[in-house]
Every structure is written in C-alpha cells, then in structure tokens.
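I opened my notebook for a new structure today. Come along and keep the 3D view open while you read.

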Amino acid sequence: AGRSYGLQPPPELPTSLAAVADGRVVVANWAGLATQGVLLLSAYFYAGEGLTPRNLGILEDLARIVFTLNRPFLLGADWNMSPEDVAATGFLNRTRSKIHSVGSPTYFSGVVATEIDFWVISSSLSPFVRKLQRVDGIGAVSKHRPVLITLAGRAKSEMFPMLARPAMYPRAPTLVVMRSPSGVQNGFLSVSYTHLRAHETKANL
C-alpha cells in the first residue's frame, strides 16, 4: 500500500453506470484546490469507433458523475477521438469544461500519428493550469505518449476528526457543616455553603 496523496473514494455514485462497471471510467476525489475537493476521472474509450453509441454512452456516464457529485473535475483519457470530435458532442457545454491538449500527436502506429490523449477540465480550474507536457522517451506507454498536466494553487488542508480536551468545570462549592454558635438548637445543625479554600476554613465540626 502506498501513500494516497489526498486521494479518497468519491461520495456515492449514481447507479447503473455501465462505463464504471466495465472498468472504462475510474473516479477518485482529491482534497485540493477547491473547498469540496476535485474529482479526478480517468476514461478509456472504445478504439476505432469515433462517436458511436458506446462511446457516447461513456460521455453520458461521465456527465452524470459530474452532475451528481457537483464539484470541479480533471478528466484525463485515452479518448480514441480527436479534441474536435469531443468538442462536437456538446459535452464541454454541458459540463462547463474546456479541452487542454498539447496540439501534437500522442499516438503513433506505423505512419499514423494522431492526438487522442488529452485533458478535459472544469472551466473554473483552467486558471490554475501552469503546464501541459507530452511525455516522451521513458514515460511513453506502448504507442501512446501520456500528457502531463500541472496545476498550481493554494492547497486545501484535509480535515480530520480530533479529540479535544474538554474545558474544566468550575470548582464545586465546598460544603461546610458547622454547629451554630449556641450548639445544637432544636436538634438540628446549621448548614452553610461557602467557597472558602481549604486553608481558609476555620470551622470546627
């Protein structure tokens, strides 16, 4: 088990999400940048299909997750589609998001070179983006070139429940039982409640 770096399971997701059940969408919550945290989503779309019902279904599931959890998101994916194809679906307007891409190929197969690996993030997070970089060489994954996104902003500390020492109760009054100056009167003792400290108590019982 490694460090989570603030990653937590997200709150309860909508039911009947086929893309999540099939392992094509993974969701986590990151306690950073926004008060309620930021959704981190990863998706893998079906290859060689473009905007087929199956891939549009994945987009629909992603939109439902964003709407239900209602917080800013970072979505990195092997889209198997171009940025233009994704923009044409209306997904960006529905989720108030923007595409962040390097503008150069991220997938290479023979003579084919296309850009199908990129980010879609909430418009509210766009001002925090500082760097977008295609990872070549050692960081390459098979025929893909991952795209690294860097954001800068004030970190939000995670809240943890802690036990606090309770405040001290005020000192209880000292109960002093004193005989009346004339001693026992009518068979009763005279009772006095006082705040005298022990060294100041001079009553003789």
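**Entry 1: the whole chain.** I noted at the start that this is a predicted model. I looked up the secondary structure and found four helices and 12 strands. The chain has 205 residues, and 34% of them count as buried. I then turned to contacts with a separation of 6 or more, and 58% of these come from residues 24 or more positions apart.

**Entry 2: strand β4.** How many residues of strand β4 are buried? I counted six of the six in residues 73-78, so this strand is largely enclosed by the rest of the structure.

**Entry 3: the partners of β4.** Which way do β3 and β4 run, parallel or antiparallel? They are parallel, and six bridges join β4 to β3, which spans residues 38-44. Within this pair I found Ala-43 opposite Ala-77 of β4. I followed the chain from β3 through helix α2 (residues 53-69) to β4, and this β-α-β crossover is right-handed. Strand β8 (residues 117-122) is joined to β4 by five bridges, and these two run antiparallel. Here Asp-78 has Asp-117 in β8 as its bridge partner.

**Entry 4: Ser-122.** I stayed in strand β8, where Ser-122 lies. Is Ser-122 buried or exposed? Its relative accessible area is 5%, and the cut-off for buried is under 20%, so Ser-122 is buried. Setting aside neighbours within four places in sequence, I found Ser-122 in contact with Pro-72, Phe-73, Arg-96 and Ser-97.

**Entry 5: two backbone angles.** I reminded myself that most residues other than glycine have a negative phi. I placed Arg-96 in the loop between α4 (91-95) and β5 (97-100). Its relative accessibility is 70%, so Arg-96 counts as exposed. Asn-70 is not a glycine either, and I read a positive phi of about 50° for it. Where does Asn-70 lie? I found Asn-70 in the loop between α2 and β4. With a relative accessible area of 60%, Asn-70 is exposed.

Definitions and conventions:
Residues are numbered from 1 along each chain as its sequence is written. This is a predicted model: local features need pLDDT of at least 70, side-chain atom pairs count only at pLDDT 80 or more; totals for chains, interfaces and linings use all residues. Side-chain values use heavy atoms; hydrogens and water are left out. Buried means under 20% relative accessible area, exposed over 50%, partly exposed in between (1.4 Å probe, protein chains only). Contact means heavy atoms within 4.5 Å. Two strands pair if DSSP finds at least two bridges between them. A crossover is right-handed if, with the strands pointing away from the viewer, the path from the first strand over the helix to the second runs clockwise.
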